[in-house]
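Please look at the structure before reading on.

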Amino acid sequence: MSVTAEGSAPPAWVRVVAPVVVGLVMVAAWILVVDVLAIAPRALPSPIAVVNELLLRSGIIGEDMAITATNALVGLAVGTVAAIVLAALAATFGPVDGMLAPLVAAIAVVPIVALTPILNSMFGASSQFGRQSVAAIAAFVPVFVNVLRGLRQTRPVHRDLLRATAATGIQTFRVLTLPTALPYLLTGLRIASSVAVIAALVAEYFGGPADGIGTAIATYAKSGRAALAFAYVVGGIAIGLALFLVTSLLERLVSRRKPV
Amino acid sequence: MSTLAVQAAGVGKTFATKTGDVVALTGVELTVEAGEFVSLIGPSGCGKSTLLRLIADLDTASAGELQIFGKPAHQARLDQDYGIAFQQAGLLPWRTVASNIALPLELHGMSRAERSTRVAELAALVGLSDFVDRYPDQLSGGMQQRVAIARALAEQPRLLLMDEPFGALDEMTREYLQAELTRITAETGAAVVFVTHSIPEAVFLSDRVVVMSPRPGRITDILPTGLGAVRDEALRESSEYFERVTAVREALHGSPVDRANER
């Protein structure tokens, strides 16, 4: 028995149960403060009320989730493709890297969401395009930075090997450069997935069409329907969590093999 | 004559650095017969690895003429006349053992069916038939190096280039792989150029030992071992083996070495 005890790492079931217990305790404390003691401010609804709203209005919340999730996904896809293409160009041609580096640095420091009103007036307030562009720009940065780094991680011994094997440039890219960069791409993608959801959601606070999770949260929070606003927040968390889990799983699948 | 595996005449290599040119290798005259086992030995900076890289066309000679099987090194590389193994096994971690061995065959367009037949042969040759589905990180260092040797032999090259392939291994694994290598080269009939900094290793494996010296890198001596075709554990304890080891050591140091009990 003692053989399995490696250091002081807790057994597997503790790692699953512990956060669940913490969550339950927090919900219980929340119910205690709001419902039992009734000492909470009016803006803080009971978790029971939030769940009620969630069940009661699941249809409309689902529709708004679909809109925000679509915006985030479109932005993530466009931003990722653009980042991969530009990173490949930057890795291949030195001057391109020199041209892109300051641009990417600028994009990375500008609060992208702040551009939303401008983008909305550029593309029209009735179009989702402004929000999708915000998500795309936000997703672009982490993917670009990681992929560019990944494309430069090939080891000299592998490059020598492929040269000695008389591999063509395209073959070298396919069997060496791309697989080497793949784990970096997925790390970028995992970070970008959360960023894209946040960008798509927060962009809705700054105008555009009257739909989506962010618009609903802003509207119901202002009109005093706190429980419904919180129900929408839960929807937003679900989108972000789903994307994060999918990309984390992909990352884990790809980077299973340690370098030797 | 195109029967020579390697023919170097006046080969030199100069690297340009910020502080001026560095002569890594100068005036190299060397021939390697087909099927011959030749070791390059010398201290760090003597240019032994550089010479191997020139033969492999991983770097280009800045002086002299270098022919592999009667062809310029560049053409020999494109024609895949040699196989190569490095100090690091250099396996691709996301590929299985079989897929790593098959890499050269895959790049040169061999069909899947032919590839799997050839991989099975090669895995048997290096004694890894039971491990073809493993990934490199599941293998020991010695096993990884055997995979690298199988990969180098995949295209049945007539010349095998090895850059300190056993340099990172422990002594027991090293001796075992040395014996394996003599068996494999006897089976394949390939010529070998073998870079090492171990005197016993060079003597045990080679038909001829090329002794090199640094600043500038050059060949100072070429010693035939004359130990015959059979290289087994008995050889390691024979007196002629020790004589050769001593001869190479003296060639490396430039004068007879004082023995501790004679000082």
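## Helix 7 of chain B

Helix 7 of chain B (residues 171-188) has 18 residues and spans 25 Å from its first C-alpha to its last, close to the 26 Å expected at 1.5 Å a residue. The expected span is 1.5 Å times one less than the number of residues. Helices (H or I, at least four residues) and strands (E, at least two) are DSSP runs, numbered from the N terminus. This is a predicted model, in which local features need pLDDT of at least 70, side-chain atom pairs count only at pLDDT 80 or more, and totals for chains, interfaces and linings use all residues. Residues are numbered from 1 along each chain as its sequence is written, while chains are lettered from A and ligands numbered from 1 in the order in which they are written.

A residue is buried if 20 or more other C-beta atoms, placed from the backbone, lie within 10 Å of its own, and exposed if 12 or fewer do.

| Class in helix 7 of chain B | Residues |
|---|---|
| Buried | B:Leu177, B:Gln178, B:Leu181, B:Thr182, B:Ile184, B:Thr185 |
| Exposed, on the face turned away from the buried side | B:Met172, B:Glu187 |

After helix 7 of chain B comes B:Gly189, with a positive phi near 70°.

Chain B also touches chain A: 21 residues of chain B are in contact with 16 residues of chain A (C-beta atoms, placed from the backbone, within 7 Å).

Notes:
Contact = placed C-beta atoms within 7 Å.
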